[in-house]
Amino acid sequence: MKKLLTIDGGGIKGVLPAALLAEVEESIGHSVVDYFDLVVGTSTGGIVALGLGLGLSAAEILGLYEELGPLVFGGNRLIRALQHWGIAKYRPDQLKAALITWFGERRLGESKVRLVIPSTNLETGEVYIFKTAHSPRFERDFKTRAVDVAMATAAAPTYFPTYWLTTGVPLIDGGVWANNPTGLAVVEAVGVLGWPREDICVLSLGCSTSPLDVKGARTFPHGKAYWATKTVDVFMAGQSSESLGTAAVLLGHENVLRISPVVPGARFALDATRGMRSLRGLGASEARKALPRLRELFLDQPAEPFVPCRTL
C-alpha cells in the first residue's frame, strides 16, 4: 500500500497539524514521515512538509511555529490593518530568517521522502509546483533551496509580498489554487508515479474548518461590499471540497481519511497568534481520537526508502 500525507495551508493555524503529528510521533516512537511514500503541503503545510522531509521531528516543527508566530505576525494590529490596504500586511524578513536558521542552505533534493509543494507563477498565471526528483522528468527543482520553496509557497497575497526566485520567477502562495492539496497528491501518485489507485490511501490534514457563512447571499443580491469579505471563504470551501472529491473518486472514500476539526467561523485567523495554544490542544486531541485508525491505515509498517532519480 502506498501512503500519502497532505497538509493544508492556513498560516499560523499550521500549529494544529504540527501538533497532531507531534503527538503521533510521541505515541509511535518514530518519525511519522518514515511511514509515508509522498508528502504534499501547501503554504504553511508546505513548511511542515519540508521540515519533515529534511529530517526535523514534528515536535521541532511545532517549536518553530511557537517561536516564529509572534515574530512574524507581531506588532501593532491597528497599524497592520491600515497597512493591509496599501501594502502587504507583513514583511517576510522574520519568516525567512527563521527558515534559514532551520533549513540553512539545504536543498529540496535532500528530502528523505517524495515532496510536492505548490506555488503560483504571478507572471504567467500558471501553477508552479516544486517536486523532488521522483521522476526522470524532474530535472531542476531538486537543486532549489528549501528556504526558497518555503517562502514561495507561503507568499499569501495581501499577507506577504511576491517572492522572487533568483531565476527571476515571481511566485505567490500555492493556496490560491491548491490550499487543500489532497486531490493534487492523488493525481501525482496515480498520474505521475503510476501507482495503482487501489493500492493508495491518503491522510489529509486541515488547519481547522469553519461552516461557510453566506446566508445573506441566499436571500439578497449583495454587491461588491458584501462579497469583498466573503469571496475568499467561498473559494476556499469550494476548492477543498473539489480536492477531497477528486481524491475520493480516484481512490474510494474509504481510502481518504480527512482530519480537520470544525470550529466557529471567527475562532481562528491565519495571523492570530493568540490562538496558538488552543490550536495545539486541538491537534493533540485529534491525534488522540485518530490514533487507532491511523495505526490501521498508515502506521502498520514503514514505507520503502525513497531513492530519487537525481541526486545533488
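User: At what angle do helix H1 (residues 15-28) and helix H11 (residues 276-297) pack, and how far apart are their axes?

Analyst: This is a predicted model, in which local features need pLDDT of at least 70, side-chain atom pairs count only at pLDDT 80 or more, and totals for chains, interfaces and linings use all residues. Residues are numbered from 1 along each chain as its sequence is written, and side-chain values use heavy atoms, without hydrogens and water. Helices are DSSP runs (H or I, at least four residues), numbered from the N terminus. H1 and H11 pack with their axes 7 Å apart, at an angle of about 45 degrees.

User: Which class of orientation do H1 and H11 have to each other?

Analyst: Angles under 35 degrees count as roughly parallel, over 145 as roughly antiparallel, 65 to 115 as roughly perpendicular and the rest as oblique. The angle of H1 to H11 is about 45 degrees. The two helices, H1 and H11, are therefore oblique.

User: Is Phe 142 buried or exposed?

Analyst: Phe 142 sits in the loop between strand E4 (127-131) and helix H6 (146-153). Its relative accessibility is 5%, and buried means under 20% relative accessible area (1.4 Å probe, protein chains only). Phe 142 therefore counts as buried.

User: What distance separates the C-alpha atoms of Phe 142 and Arg 107?

Analyst: Arg 107 is among the residues in contact with Phe 142 beyond its neighbours within four places in sequence, contact being heavy atoms within 4.5 Å. Phe 142 and Arg 107 are 35 residues apart along the chain, and their C-alpha atoms are separated by 6.5 Å.

Conventions: Axes are lines fitted to C-alpha atoms, for helices over the stretch in contact, and angles run from 0 to 180 degrees between N-to-C directions. Buried means under 20% relative accessible area, exposed over 50%, partly exposed in between (1.4 Å probe, protein chains only).
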